[in-house]
Amino acid sequence: MENKQVTHSSFKELQTEKLTEEHLAFVYSGMLSLLRAALRIPRASVKQELFREDLQELRIPSEFIPDIASVVYGLRRPALDEATTENRPRLPRLESFRWRVDVGISTSVLNRALEPTIVMEMTLSDGSIHNFEVPVTKFHALRYSVAYVLKDMEDLEKRSILKIQD
């Protein structure tokens with residue numbers, strides 16, 4: 001069933017008197033959940049023997065354990081990892097960012113405003129374009145907040161508790 005759509009007729013072909021469609025649906029959904037969880041974990045972080053022991057603890061019949069382990073640790077694992085990264089939902093990325101300072105000489109309320117604003121235009125990878133205008137005071141507050149968060153991140157990285165020690 002690899003790289004194929006699972007249809008209702010696929011379940012009908014596997015169905016027997018002892019193995020009903022409902023049982024097949026439970027088995028299929030359980031296997032799908034198990035494989036999704038196993039493929040999320042990097043291959044090097046869990047040893048194959050430990051994975052096999054975990055499958056035994058889940059009471060999976062021993063004749064199926066080598067097949068499941070071969071999917072997770074076999075030669076097709078890189079192809080499965082690539083397929084999951086390509087097909088995952090993701091937010092659009094920032095393609096371009098343009099900005100300019102705009103000074104309004106007058107508005108409908110005031111004759112002489114001379115208040116500068118920063119006009120920004122973001123183009124995203126899905127083709128959408130977003131324009132927005134920020135007063136200089138808010139821009140400076142944003143700039144300060146970003147600098148503060150970056151400093152906090154730098155301070156956290158310096159702590160020895162977060163460093164990997166051999």
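How many helices and how many strands make up the secondary structure of the chain? Colour the chain by secondary structure and you will find six helices and three strands; here helices (H or I, at least four residues) and strands (E, at least two) are DSSP runs, numbered from the N terminus. Read from the N terminus, the order is α-α-α-α-α-β-β-β-α.

Before going further, some ground rules. This is a predicted model, in which local features need pLDDT of at least 70 and side-chain atom pairs count only at pLDDT 80 or more, while totals for chains, interfaces and linings use all residues. Residues are numbered from 1 along each chain as its sequence is written, and side-chain values use heavy atoms, with hydrogens and water left out.

**Stop 1: confidence**

Colour by pLDDT, the predictor's confidence in each residue, from 0 to 100. The chain has a mean of 84, and 87% of its residues reach 70 or more.

**Stop 2: the surface**

Of the 166 residues, 14% are buried, where buried means under 20% relative accessible area, exposed over 50%, and partly exposed in between (1.4 Å probe, protein chains only).

**Stop 3: the largest nonpolar core**

Now select Leu-34, Ala-38, Phe-51, Leu-55, Ile-60, Ile-65, Ile-68, Ala-69, Val-72 and Tyr-73, the ten residues of the largest nonpolar core. Such a core is a set of buried Ala, Val, Leu, Ile, Met, Phe, Trp, Tyr and Cys residues joined through side-chain atoms within 4.5 Å. Helices α2 (21-40), α3 (48-57) and α4 (65-73) each give two or more residues to this core, and α4 supplies the largest share, five residues.

Centre on Ala-69. Setting aside residues up to four places away in sequence, Ala-69 touches Gln-48, Phe-51, Arg-52 and Gly-74; contact means heavy atoms within 4.5 Å.

**Stop 4: two rings**

There are two aromatic pairs, counted when rings of Phe, Tyr and Trp (its six-membered ring) have centres within 6.5 Å; planes under 30 degrees apart are stacked, over 60 edge-to-face and the rest tilted. Show Phe-51 and Tyr-73: their ring centres are 5.6 Å apart and their planes meet at 65 degrees, so this pair is edge-to-face. Phe-51 sits in helix α3 and Tyr-73 in helix α4, 22 residues apart. Phe-51 is buried at 9% relative accessible area, and Tyr-73 is buried at 15%.

**Stop 5: Arg-77**

A polar atom of the Arg-77 side chain lies 2.9 Å from the backbone oxygen of Val-72. Beyond residues up to four places away in sequence, Arg-77 touches Ala-38, Leu-39, Ile-41, Pro-42, Arg-43, Val-71 and Val-72.

**Stop 6: Thr-117**

Finish in strand β2 (residues 115-124), which holds Thr-117. Thr-117 counts as buried because its relative accessibility is 14%. Which side chain makes a polar contact with the side chain of Thr-117? Glu-133 does, at 3.5 Å; a polar contact is a pair of N or O atoms within 3.5 Å, and within protein one must be able to donate a hydrogen and the other to accept it, with residues adjacent in sequence counting only if both atoms are side-chain atoms. Apart from neighbours within four places in sequence, the contacts of Thr-117 include Arg-100, Val-101 and Asp-102, as well as Val-134, Pro-135 and Val-136.
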